[in-house]
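Work through the exercises below with the coordinates open. Each task is followed by a solution in steps.

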Amino acid sequence: MNFRRMLAVSRKEVLQVVRDRRSLLIVLVMPLMLMTLLGYGVNLDTKHIRVYAFDREGSPASQDLLKHFQASEYFKLVETETGYPALIAALDDGRCQLAIVVPHDFSARIHDGRQVKVQALVDGSDANTAQLAIGYAQGVLAGYGATVQAAYFRRSHAREINPAISLETRTWFNEDLESKNFIVPGVAAIVMAVVGTLLTSLTIAREWERGTMEQLISTPVSALELILGKLIPYFALGMFDTAICVSIAVWWFEVPFRGSVITLAVGSGLFMTVILGLGFWISVFTRDQLAASQIGLVAAFLPSMLLSGFTFPIDQMAVGIRPITFIVAARYYIIILKGVFLRGNGLRILAVPALALSIYSVIMVMLAKRSFHKALD
């Protein structure tokens, strides 16, 4: 392999990228756009759930319960209705996601130490928000109930019975349970997959459309030199975009970075090699820039978004879908990203996903080389 010829091909590819405004927009604008849209748009933290209440008693005790809902960051007490039909109408119209009905004997039951049942009506059209609303409401009622129970024991001079078993929780790696801390690092994988595939899917297709492929074939450049020469500039651009995404994640979204930069660089380089090989293979296979860009977008974005564990936990997917995730390269890269950002893992702990990406990258480069040879024959 002649490095001088390979660098000449790389120089030619850099000139084409600089002269192509579409490629420059993909390199410079798309990472910022995707990081902004996905970083702010994909948020699993449900807060300020709209609550309407129907207080059938109107006592200080019932008002105190509603103040507990209002004080919670997860709820926003919008209005207190004066009738049950108005409460149902608010749910039907979508003005609220949770409706609370306080019974007429609320304060009397609390004073006597009896059980009180508070009705909660939840809008189930959004199942995830409904489940979270129920859980948050149970938490508010449990906290209020503990306060009421303690007051009852003091008032009746009864001995408070402590539970035999109590649970003390401590969250590691993501102490505040903020979804952005595990979503934003995964966005870097989506950005690299989309940008890398879109750029390289145009390389060979551009040569075929412009009629310059015959000129390249007639030169003494070998197939491997041509492949590496074309991919090296995009590898550098992909790593540049990775650095931009990591900087935005750390400095703008304030995601903790506890791992090693070297570990992140190694994992990113392996993943970028896989993505570039995929894009190159698509470019050789289609020979058309429009078709190559469309196929590249679908092949990179959808699997990375849906089957990598970025949006949905893999262990919660259907049994028939889980084996498919093993052929999605973004699955292994997201493990590396979360390990580096949140856990502070090194290459020793992340050896398995790194090895999987290494094997994947070798396979994709060999596949790209073989398909290129067949295209020339």
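**Exercise 1: Arg-109**

Task: Decide whether Arg-109 is buried, partly exposed or exposed.

Solution: The relative accessibility of Arg-109 is 27%. Buried needs under 20% and exposed over 50%, so Arg-109 counts as partly exposed. The model is predicted. In this model Arg-109 forms a salt bridge with Asp-105, with the closest N and O atoms 2.8 Å apart.

**Exercise 2: Glu-13 and Lys-230**

Task: Find which parts the pair Glu-13 and Lys-230 ties together.

Solution: 
1. The two side chains meet in a salt bridge, 2.6 Å from N to O.
2. Glu-13 belongs to helix α1 (residues 3-19) and Lys-230 to helix α10 (residues 223-252), so the bridge ties together parts that are 217 residues apart in sequence.
3. Glu-13 has 0% relative accessibility and counts as buried; Lys-230, with 1%, is buried.

**Exercise 3: Arg-95 and Asp-93**

Task: Classify the accessibility of Arg-95 and of Asp-93.

Solution: 
1. A salt bridge of 3.3 Å (N to O) joins their side chains.
2. Arg-95, at 36%, is partly exposed, whereas Asp-93, at 56%, is exposed.
3. The structure holds five salt bridges.

Notes. Residues numbered from 1 in each chain as written. Predicted model: local features only at pLDDT ≥ 70, side-chain atom pairs only at ≥ 80, totals over all residues. Heavy atoms only, no water. Salt bridge = Lys/Arg side-chain N within 4 Å of Asp/Glu carboxyl O. Helix = DSSP H or I, 4+ residues; strand = E, 2+ residues; numbered from the N terminus. Buried < 20%, exposed > 50% of the residue type's maximum accessible area, 1.4 Å probe, protein only.
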